[in-house]
Amino acid sequence: MRRTNKELLVKGIKSFGYTVLAMFMGPFLIYEAFKNEGHPFYWPVLILGIICAILAIYLGFRSVKIVMDAVFGKKPKN
């Protein structure tokens, strides 16, 4: 029976923390950008919000993969 790789599990949980941060920052920045469309920083803030939203999706999949690898182990290559 395989054991859980605790170091990899901690790495996955930290990655979930960054994911949650990006999940809140992306929509917040996009909302703030649309609220201030006349402001000179409209485009930079909107682009930063979109990047945070895309990063949240990527980090979510990556975090799940890291935790799955920690719990179930990596597949052996043939």
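Which residue forms a salt bridge with K35, and how far apart are the closest N and O atoms?

## Salt bridges

In this predicted model, the partner of K35 is E32, and the closest N and O atoms of the pair lie 3.5 Å apart. This separation falls within the 4 Å limit that defines a salt bridge between a side-chain nitrogen of Lys or Arg and a carboxyl oxygen of Asp or Glu. Side chains of opposite charge can pair when their charged atoms come close.

## Packing of the helices

Helix α1 covers residues 6–35 and helix α2 covers residues 42–72; their axes come within 7 Å and cross at roughly 160°. Because angles over 145 degrees count as roughly antiparallel, α1 is roughly antiparallel to α2. The crossing of the two helices, α1 and α2, is left-handed.

Sorted by class, the residues in the contact of α1 with α2 comprise 24 nonpolar, seven polar and three charged.

## Nonpolar surface patch

A nonpolar patch on the surface is formed by F16, V64, M68, V71 and F72, which together have about 420 Å² of accessible area. Helix α2 gives the most to this patch, contributing four residues, whereas F16 lies in helix α1.

Note on methods: Residues are numbered from 1 along each chain as its sequence is written. This is a predicted model: local features need pLDDT of at least 70, side-chain atom pairs count only at pLDDT 80 or more; totals for chains, interfaces and linings use all residues. Side-chain values use heavy atoms; hydrogens and water are left out. Axes are lines fitted to C-alpha atoms, for helices over the stretch in contact, and angles run from 0 to 180 degrees between N-to-C directions. Angles under 35 degrees count as roughly parallel, over 145 as roughly antiparallel, 65 to 115 as roughly perpendicular and the rest as oblique. A crossing is left-handed if the near helix is turned anticlockwise from the far one by less than a right angle, and right-handed if clockwise. Ala, Val, Leu, Ile, Met, Phe, Trp, Tyr, Cys and Pro count as nonpolar, Asp, Glu, Lys and Arg as charged, and the others, Gly among them, as polar. Patches are made of residues with over 30% relative accessible area and no salt bridge: like charges are joined within 9 Å, nonpolar side chains (Val, Leu, Ile, Met, Phe, Trp, Tyr) within 5 Å. Accessible areas come from the Shrake-Rupley method with a 1.4 Å probe; for residues, only the protein chains shown count as cover.
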